[in-house]
Each structure stands twice: as C-alpha cells, then as structure tokens.
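Subject: Structure handover

Hello,

Here is the structure I promised to pass on. My notes follow below it.

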Amino acid sequence: MKSVAIIGSGFSGLSAAAFIQKNGYQATIYEKNEQIGGRARSFRAKGYTFDMGPSWYWMPDVFERFYQSFGKTTSDLYQLKRLSPSYRVIFNEDEHVDLPSNKEELYELFESIEPGSAVHLKDFLQEAQYKYEVGINQFVMMPSLSFTEFLRADILKGFFKLQLVTSIESHIRSKFKSPKLRSILEFPSLFLGATPKKTPALYSLMNYADMELGTWYPMGGMAKIGEGMNSIAEELGVSIKTNSGVEKIEVSPSKKGSIYVNGSKIEADAIISSADYHHTEQHLLNKTSQSYSEKYWDSRELAPSALIFYLGVNKKVKNLLHHNLFFDEDFNEHAKELYTTPKWPEKPLFYACVPSKTDPEVAPDGKENIFILIPLAADLKESEELKQKYLELVIKRMEKYTKDSIMEFIEYQRAFCVSDFKSEYNSFKGNAYGLANTLKQTAFLKPKIKSKRVNNLFYTGQLTVPGPGVPPAIISGEVVANYVINQFNR
Ligand SMILES: Cc1cc2nc3c(=O)[nH]c(=O)nc-3n(C[C@H](O)[C@H](O)[C@H](O)COP(=O)(O)OP(=O)(O)OC[C@H]3O[C@@H](n4cnc5c(N)ncnc54)[C@H](O)[C@@H]3O)c2cc1C
C-alpha cells in the first residue's frame, strides 16, 4: 500500500487525506498543534466556545459535494441554519442595512436605496451565476500547472463573460451609483484579500454565493466542519497525529523527500504539505530543493493579517445581528494602510460576529459571545498597549452604534494578532488568509501544487490553487489528491 504523509490538519489537509485514503492509499496527517482544524480551530473559556478563524459559511454546495463524495450529507454531521437577514452593514451610528435572504426583498431594498438598481442587480447576479458555475464547477478543479489547461473550447467560448481583466470595482461602479450599494457589493471580494480595484470581476461569483446561495451557520460553531471532516477521515482509516510538527523534509539523491517528526525520519511515497507554502519551502527544505526564492515570496501580495478579539460579555447586547460589518469609516483610507503604506490603521473598518444571537450553545445563558476582526497589514509589529487601544476603539464605536454599554460587561477577553498567526500556524508574515486573489496571483499564476525540484512533494491550501477561504481549501485538498492519485496510477 502506497503511503502519503500530509503536513497540517487544516481543511485542505483533511480533505486531501480523505480523498487519498478513499482511493486505497494510507494517508497520515502530521499536525504541529494539539488540535486539528488549522485556522478554523475553536477554544473554550468561562463557558464560552469561540471559533478562532472563519465565521462565514458560504457556498454550502461545496461542503455538501465533499460530504457526498464519502456517502454522507451535511445533516449527518451538523445542523445547518440559513441566517435571515444574512448580515448587517453599518454605515454610521444611525444608519444600517440588513441584507435580506429573500431575493424579492433584496431587489426592493436595492430599489429603495437607488431607484432603477433592482434591474441592474438582476443582470449582475445573472452574470455572477455564470461565473460561479464555470469558476466553482470547472476552474477550481484544475491543477493549474499550466495555462494550456484553460485552452478548452468551452472555456474559450465564454472567456469574455468571465471578466478576468476588468476589476470588480469598475464592474460594480458601471452598474451602481449609490456608495452604499457599492460597498455592499464590494464587501464579498474583501474575503479574497485584495482591494476591489485589484480583484478581477470574475469574483462577482462571490456576490452570487452571498445573495443567491446565502449565509449559513453550522449549529455548535464553525469548528463543527473540521470535526465532521475529521470523523470522515478517521472512519476511512486516515491516521491523524497531533503535536507532531514536521521539522524537516530531507531530499535523497533520487530527489525523493522524507519528513522528520520529533526527530524521527518518516518515509512516504508522496508528501503533501498543507502548511503555509512559504514555511514548507523556506524552513523545511534546503535551498537547492526550493521551487521559489525568498525574493519571489517578498514580491507576492499577501492577504491581510488581523487583530482578533474573542470576548465573553456578561449580558445580551442590543442592536446587533449574528454578522455585523462596521463600514462606518472610509475604506479607501484603511485600504492604503493595509496595502500601500502598511501601518496600524487610524480608523479601521471592522467586523463583529455574535454567534450567540443564533446559537445558545456558544455562550452561557443571558450572555454574548463576540468575535471582532480588524484587518491589519501583514507583518506589523504589535504590543499589548496597541491591542488594548484597538479594543477600546472598536468597543466605543460599537457602543455608539448599539446605544448599549459593552466595555464594562466584558468578563473574558483574548486577543490574537500577527505574531500568533506566525507562532500558531507558521504563517508567512502572519497572513490570515494566504495570497491576495489579484489577477497576477490567480490560477496558474499561483504557487504550484507540485514541487519543481522534489519528485514526490506536493502542496495544497490557501497559498496555492484555488485560493483562500474554507470552500477553496476543501477543494484544494481534492485537487491535489486527484493529482497525486493520477501520478500513482501512471
Ligand atoms: C481570522 C480568519 C477569518 C476567516 N474567515 C473566513 C470565513 O469567514 N469564511 C471562509 O470561508 N474563510 C475564512 N477564512 C479563511 C479560511 O479559514 C482559510 O482559508 C482556511 O481555513 C485555510 O485552510 P488551510 O488548510 O489552507 O490552512 P490552515 O488552516 O492554516 O492549516 C494548515 C495547518 O498546518 C499546520 N502546520 C503548519 N506548519 C506545520 C508543520 N511544520 N508541521 C505540521 N503542521 C504544520 C498548522 O498548524 C495548520 O493546522 C478566515 C481565516 C482567518 C484566519
């Protein structure tokens, strides 16, 4: 039986392992941390259960397709609830918009903000549906090792409809005038780690995911996804070893790699690294075995890092929904501080997630579980004083908007910042979600799933194809597993 060693137990590692094992090979996952799940772990404190990373469950079809590959369905693993309204966008202390989950209500909302815009939204979503169908059902399943994979008659026929060279900003601006509608429509592309100006209009497929497919929540928290994938992998026979950081990949004269874990050498027919690509290349391999130089990595545009607060609040907070986007400051200024002149933002936009509005399991009775995320430029230096300053800044803005007191009711607080991304996940410059999905970093222009120098070394996860996000990470694991299985079958 051929063996595959998988580095890391995030969604991409778990997904790759499950597909490898299902096809009759032995997959073993080596995870440095005590817990599986990577950036999507959770922790408990004072009766609260905090999801540490992702909180938006979009593209339920991708999760369902994964589970069905193993004879399961989503409801076998957790109860999925559609949120309605989907989320709240806050423009200032007196003004917000709740995004309805119902399409007719959504059109009415657009019409009420900008007369005539409902018809543009219909067109916009129809175009986005085409991109979603081609993007999610075809593009993302390609290993993207060469642009020639994309030279297919069916793809070329619809090439212009994919709008790869137009930016999503100009696509949205050509149809909508209202600044409010523009920021609502530009919001999903922020998940892709770049500004709307640099994100190809192809990614309006994210608007389709948002407005057509909906915002969902797995009861018990996002960590339920990792637990479900873990149970599928274990049922298949995947071996999962936690507290097992990979220290080195040694390359033999035949250009085959083996890994070292806790000082022991482990040989495998293939190695798949789902750890951050840069870490695997620059820290686990010697120089002559690296596919990309440090200069290459420094020239990449990274998705931001983040300052996150996990807060336990000893009361129910008024006027907040499950997902709340505080777009009450100028995004262009914050974007400059994220990408052009990286520094701690003066007036950051931020996101507040209150899962206890939907799920009584994640906070004690009568209390609130609040997760706050402030996007930060990668590699910033932090200090306890700075973190406290930003906690006070965002809580003040929340109090102003909610007209409710929060600060004095915080009974638990933990911060997670750039240095934690580095130490917990070996993250390059402390990035939260990989490489920005700019045109120059899309598909075959991303770091490749196959090492150029080590014959049996492969990569998966948010720094390779298809990109950042939970659904792409799950898909990435499937793509690399298929590629490795094909190599074995040759
Ligand atoms: C704060 C935050 C919010 C997010 N919000 C959302 C959201 O709402 N919706 C969404 O879809 N996506 C979201 N994302 C993105 C999404 O969570 C990630 O893209 C996805 O989880 C990445 O999975 P991965 O498998 O590529 O990497 P990871 O989850 O990082 O997994 C890699 C694993 O490798 C391990 N590892 C590293 N080095 C070694 C080593 N030497 N040996 C062994 N193991 C090692 C790490 O410990 C880790 O467990 C968010 C991400 C963050 C950080």
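What percentage of the 490 residues of the protein count as buried? The figure is 48%. Buried means that 20 or more other C-beta atoms lie within 10 Å of the residue's own; 12 or fewer makes it exposed, anything in between partly exposed, and C-beta atoms are placed from the backbone.

Two points before the details. This is a predicted model: local features need pLDDT of at least 70, side-chain atom pairs count only at pLDDT 80 or more, and totals for chains, interfaces and linings use all residues. Residues are numbered from 1 along each chain as its sequence is written.

Overall build

The protein has 16 helices and 19 strands. These are DSSP runs, numbered from the N terminus: helices are H or I with at least four residues, strands are E with at least two. The C-alpha trace spans about 65 × 55 × 45 Å along its principal axes. Of the contacts with a separation of 6 or more, 73% join residues 24 or more positions apart. A contact means C-beta atoms, placed from the backbone, within 7 Å.

Domains

The assignment gives domain 1 (3-79 + 220-300 + 436-489), domain 2 (102-213) and domain 3 (304-424). Such bounds come from an automatic or database domain assignment. The centres of domain 1 and domain 2, taken over C-alpha atoms, are 28 Å apart. Between these two, 25 residues of domain 1 are in contact with 22 residues of domain 2. On the domain 1 side, α2 (60-68) and α16 are the elements that give two or more residues. α16 gives the most, with four. By class, that side has 16 nonpolar, five polar and four charged residues. Ala, Val, Leu, Ile, Met, Phe, Trp, Tyr, Cys and Pro count as nonpolar, Asp, Glu, Lys and Arg as charged, and the others, Gly among them, as polar.

Ligand shell

The ligand is surrounded by 36 residues; the closest are Gly-8, Gly-10, Gly-38, Pro-54 and Gly-461. A residue belongs here if its C-beta atom, placed from the backbone, lies within 6 Å of the molecule. Elements that give two or more residues to this shell are α1 (11-22), β14 (305-313) and α16 (470-489). The largest share, three residues, comes from α1. The class count is 17 nonpolar, 16 polar and three charged. Why does the ligand lie between domain 1 and domain 3? Because both domains give residues to the shell around it.

Strand β6 (residues 87-92) pairs with strand β7 (residues 95-99) in the antiparallel sense over five bridges. Pairing requires at least two DSSP bridges between the strands. A hairpin through two residues joins β6 to β7. β6 also pairs with strand β15 (residues 323-326), in the parallel sense, over three bridges. Arg-88 is worth a look in both pairings. It stands opposite Asp-98 in β7, and its bridge partner in β15 is Asn-324.

Helix α9

Helix α9 (residues 205-213) is mostly covered, with seven of its nine residues buried. These are Leu-205, Met-206, Asn-207, Tyr-208, Ala-209, Asp-210 and Met-211. They pack against α4 (103-113), α5 (117-137) and α8 (179-186). Just after α9, Gly-214 takes a positive phi of about 95°.

Two tyrosines

Tyr-217 is in strand β8 (residues 216-218). Tyr-217 is buried because 24 other C-beta atoms lie within 10 Å. Not counting residues up to four places away in sequence, Tyr-217 touches Tyr-57, Lys-81, Leu-83, His-322, Thr-358 and Asp-359. Its C-alpha atom is separated by 24 Å from that of Ala-303, 86 residues away along the chain.

Tyr-390 sits in helix α14 (residues 384-402). Tyr-390 also counts as buried, with 22 C-beta neighbours inside 10 Å. Leaving aside neighbours within four places in sequence, Tyr-390 is in contact with Leu-307 and Ile-374. Tyr-390 and Pro-218 are 172 residues apart in sequence and 30 Å apart in space, C-alpha to C-alpha.

Best wishes
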